[in-house]
Amino acid sequence: RLGAVADPDQTPINVVVMSQPGIPASGGASTGLQAQNGAASASASPYTNGSALPLANPPLPTTFQPGAPLGPPPTGGPPPMRALTPRKLTPRTVPQPSFNSTSNQEGIISNTNNGSMVVHNSYDEIEGGGFLATSQPTNKNPTMSRSVGYSYPSLPPGYQNTTPPSTTGTGIPPSSLNYASGPQAFTQTPLGANHLTASMSGLSLHPEGLRVINLLQERNMLPSTPLQPPVPNLHEDIQKLNCNPELFRCTLTSIPQTQALLNKAKLPLGLLLHPFKDLVLRPPQPPVYLFVFDVSHNAVETGYLNSVCQSLLDNLDLLPGNTRTKIGFITFDSTIHFYSLQEGLSQPQMLIVSDIEDVFIPMPENLLVNLNESKELVQDLLKTLPQMFTKTLETQSALGPALQAAFKLMSPTGGRMSVFQTQLPTLGVGALKPREEPNQRSSAKEIHLTPSTDFYKKLALDCSGQQVAVDLFLLSGQYSDLASLGCISRYSAGSVYYYPSYHHQHNPVQVQKLQKELQRYLTRKIGFEAVMRIRCTKGLSIHTFHGNFFVRSTDLLSLPNVNPDAGYAVQMSVEESLTDTQLVSFQSALLYTSSKGERRIRVHTLCLPVVSTLNEVFLGADVQAISGLLANMAVDRSVTASLSDARDALVNAVIDSLSAYRSSALSNQQPGLMVPFSLRLFPLFVLALLKQKSFQTGTNARLDERIFAMCQVKNQPLVYLMLTTHPNLYRVDNLSDEGAISISDRTIPQPPLLQLSVEKLSRDGAFLMDAGSVLMLWVGRNCGQNFLSQVLGVENYALIPQTMTDLPELDTPESARTIAFISWLREQRPFYPILYVIRDESPMKANFLQNMVEDRTESALSYYEFLLHIQQQVNK
């Protein structure tokens, strides 16, 4: 049996190892987290690639006992969930698809590599659950049928398209939980929708979330402090069971009793997860790191090898792992070069394979070596690599064959492959042709968002089967077809990093960004050979997943690597009426091998009340989670239909939900655009999405940049997705300690958030915009002398350098506050945000203004114009 230990990095309450009967609900009754449709406890669906044990399930105690022992560990994967199998869907074309159209059309199973399991063409289909649950036979005697699986199954129908990135989070500190000593039986007093409504009707009170707001009159709706997720209306004892919303949250914190009620609200139901926030197959695998470097003439010109090799040298001892850690290197141009690092050699030995049509491994045993035993040879190689190819004239790139070679080398162990590429692959399998037409960049019509070959997706699925994740670092000034290359990471649970126009001399800020991001990438926590399963109360069903992974068997996500910077989302529907329960539960279980070789399991639990009225559904709406889920759905729509369809669908999502509110929940009709307080920022966030690089039109965005933005939507936790969509704006020339927070003896100022409009700027101030992966400090022409000298270290405005990207550390309180605030914003980000200091004439000023979501641009409406458009449609 393979054991799993609870992950010690989590708060204790989240580490409950669940078996299938479920968490007790009111009065100790089970909420039924078991197989649906009458299927008795379906076992973990046997792993189709023959690589892990099915699960044996010990029964749970009938009452939840905080502090009780965790019980026997599971044997192969997270606890089983009811299986979801695809229903055959017939393709049809729809003239004007939207997320929220009312007709119940059939969905479409697309064959493009868009990374999402099913594409639906209407709101009802999207929210109505394209997947019906069916039972699976229980395997009572789990045995390993054969040793480690080396073959990969053909995909079950309907799963040819799994998903890319999505997300979760807001800044709420985890609560500290104190329980009385000793196990205590847990009971819930009945409470829920009816109590809320009854008590409120008696007092004729309106909860804040339902306060009616006319957006056309109240324009300053953005709170001055970060938006917090709504708190479910639950008894405090049940509330304690819920994990931090930064890890796990739902678009609706009050679950509609029926699908009809959900349809009526026109709001998406789904979960957003950040399961491995900092926090099975063969015997636990050792940490294995393979680096694959493009060394063509183009690559050598950029100078990236110097930065990468230096970062590796600096962080070699910090790579997560233990005495079993292995490392290896491959370089390629038109041929593939392996490096023997055998103990006892005086220097690394280079082996060249020129037959790229039939790639083979020249000497399997010394190409991946124990890092501790061969550390000196590894260091020698990293010191000499950047100089080895300086005179090369080789312009071709055989990326596909190099990836095949790397896959063959890693298949026996699994691990992480880090690939560095600087151009379009031109030779061998996976060779690509330029598809970008610069004059069509701004038209939403025909841009190539779909892959031009399935080579990278197929190879990614092979990698996933052998527990190999591929991370792609694209450092390119030219079009490199990220839509095709990105598939290698999307389906293998890897990540994509993109550095447009990287050059060690001409673009020093990209060098700084690469070094900082590599440092985090190389040293952050990592989990290997992971699987994740999401379970929910009987009556609810999951039908579409978003994120970077492969769906291995109906409900099991295969994650060869899992890292703290990845987020996921799922869409759900109410399949059976929930009238018999006051509470529903969701649970994600993530089983993985730590870098120290220990099996661990992370369990996150979310309980939410069930409600029976439309008002209560709107009251519990989490506008950030809704916007994040819609963004994921819109990326899929862009790829399977078109960008303009995706944009229409986003706008329709707002129109439909506010129309539903107006017609069904608003007691007295009034002129204006009336919204419940809980959705007051919904139109603003959707307008921000329309202006985000993924979905914007009328700009000269490079195709690869747009694709990268879409990768980000699919793979970033919600908190970062929201920042890149609707940046935070602060005035920073008058920072003070008033309201500051203290972290590790540092005082961090907390200036209020400002609306994203030039109305909020003034020429005598300095304003910092935090857009997630970039920070922009705009300094007004008449900014006070104090800020210029005490923070920027210049005597007057004209002396601010055009390309200033760092603040000097001055011995002044103003400098200390500003630097402390910026450092705090940068902490723990997946991507390192470069700081640009912007003057009036600065070329970056256009980027700064582009993020002013509330203002009009040549191709997009202002916030007020957008509200008028929404009002016109809602009042039809």
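1. Gln-755 is buried, at a relative accessible area of 7%. Buried here means under 20% relative accessible area, exposed over 50%, and partly exposed in between (1.4 Å probe, protein chains only). Note that this is a predicted model: local features need pLDDT of at least 70, side-chain atom pairs count only at pLDDT 80 or more, and totals for chains, interfaces and linings use all residues. Residues are numbered from 1 along each chain as its sequence is written, and side-chain values use heavy atoms, with hydrogens and water left out.

2. Where does Gln-755 sit? The residue lies in the loop between strand S27 (753-754) and strand S28 (766-770). Strands (E, at least two residues) and helices (H or I, at least four) are DSSP runs, numbered from the N terminus.

3. The side chain of Gln-755 makes a polar contact of 3.2 Å with that of Glu-854. A polar contact is a pair of N or O atoms within 3.5 Å; within protein, one must be able to donate a hydrogen and the other to accept it, and residues adjacent in sequence count only if both atoms are side-chain atoms. Beyond four places in sequence, the contacts of Gln-755 (heavy atoms within 4.5 Å) include Arg-219, Met-221, Leu-729 and Lys-760.

4. S27 belongs to an open five-strand sheet, ordered S27-S24-S28-S29-S30, with mixed pairing. Strands pair if DSSP finds at least two bridges between them. S27 and strand S30 (834-838) are the edges; each has a single partner strand, so one side of each is left without a neighbour in the sheet. Helix H19 (residues 785-792) packs on this sheet and touches S28, strand S29 (774-779) and S30. The direction of H19 makes about 140 degrees with that of S29. Such angles run from 0 to 180 degrees between N-to-C directions, with axes fitted to C-alpha atoms, for helices over the stretch in contact.

5. Within that sheet, strand S24 (residues 728-731) runs antiparallel to S28, joined by four bridges. Leu-729 has Met-769 as its bridge partner in S28. Leu-729 is also one of the contacts of Gln-755.

6. A separate entry covers an open sheet of four strands, S5-S7-S20-S17, with antiparallel pairing. Its edges are strand S5 (248-250) and strand S17 (540-546). The twist averages 25 degrees from one strand to the next. S5 pairs with strand S7 (residues 270-273) over three bridges. Arg-249 stands opposite Leu-272 there.

7. On the whole chain: 22 helices and 30 strands. Of the 876 residues, 62% are buried.
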